[in-house]
Amino acid sequence: MEIPQRVSVRYKDASFNSNEIRLRTFRLGLQIWEEQTKPRKTELYQFISSCLKQVDRQDRFMFSLLFIELTDLIRNSSLERGTKEVLIKTAFREFACAITDFEDVAK
């Protein structure tokens, strides 16, 4: 599955297309271990949460694909195994929190 190219969002007064969303997600995912002590307040959580509010329901699957790509990127990196595990767990926790909070508000 490919990420839809028509997706575009605004975040902090900047526009992001699909590729820019992917790059920002990766950058924030790799930076996340610095923010582990602040669950649900990381920049990754805020970015994903903001994107979800602007993306059509049919395009929300793209965030699952982003995190599959992010996991592969982390897994294939030269980081220590323990660091990889922490990164993946933390990134997915933030992703899951953003999705859950978004769905709770939408109900």
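Reader: Before we start, how are residues numbered, and which pLDDT do local features need?
Author: Happy to set that out: residues are numbered from 1 along each chain as its sequence is written, and side-chain values use heavy atoms, with hydrogens and water left out. In this predicted model, totals for chains, interfaces and linings use all residues, side-chain atom pairs count only at pLDDT 80 or more, and local features need pLDDT of at least 70.

Reader: Which pattern does the protein chain follow along the sequence?
Author: Helices (H or I, at least four residues) and strands (E, at least two) are DSSP runs, numbered from the N terminus. The protein chain has four helices and two strands. Read along the sequence, they give the pattern β-β-α-α-α-α.

Reader: What percentage of the residues in the protein chain is buried?
Author: Buried means under 20% relative accessible area, exposed over 50%, and partly exposed in between, with a 1.4 Å probe and protein chains only. Of the 107 residues in the protein chain, the buried share is 42%.

Reader: In which sense do β1 and β2 pair, and over how many bridges?
Author: Two strands pair if DSSP finds at least two bridges between them. Strand β1 covers residues 8–11 and strand β2 residues 14–17. R10 has S15 as its bridge partner in β2, and Y11 stands opposite A14. The sense is antiparallel, and the number of bridges is four.

Reader: Which side chains of β1 point to one face and are buried?
Author: The side chains alternate along β1.

Reader: Which residue has its charged end over the ring of F47?
Author: F47 belongs to a cluster that ring pairs form with Y11 and F16. A charge sits over a ring if NZ of Lys or CZ of Arg is within 6 Å of the ring centre and within 35 degrees of the ring normal. At 5.3 Å from the centre of the F47 ring, the charged end is that of R24.

Reader: How many aromatic pairs are there, and how far apart are the centres of F67 and F95?
Author: Rings of Phe, Tyr and Trp (its six-membered ring) pair if their centres lie within 6.5 Å; planes under 30 degrees apart count as stacked, over 60 as edge-to-face and the rest as tilted. The whole structure has five aromatic pairs. One of them is F67 with F95, stacked with 25 degrees between the planes and a centre-to-centre distance of 4.4 Å.

Reader: Where do F67 and F95 lie, and are they buried or exposed?
Author: This pair links distant parts of the chain, with F67 in helix α3 and F95 in helix α4, 28 residues apart. The relative accessible area of F67 is 0% and that of F95 is 12%. By the cut-off, F67 is buried, and F95 too counts as buried.

Reader: What angle lies between the planes of F92 and F95?
Author: F92 and F95 are three residues apart in helix α4, so they are separated by about one helical turn. F92 is partly exposed, at 32% relative accessible area. The pair is edge-to-face, with 6.4 Å centre to centre and a plane angle of 90 degrees.

Reader: Where does E43 lie, and how far is its C-alpha atom from that of T25?
Author: E43 lies in helix α2, residues 43–54, and counts as buried at 15% relative accessibility. T25 is 18 residues away along the chain, and the separation of the C-alpha atoms is 9.6 Å.
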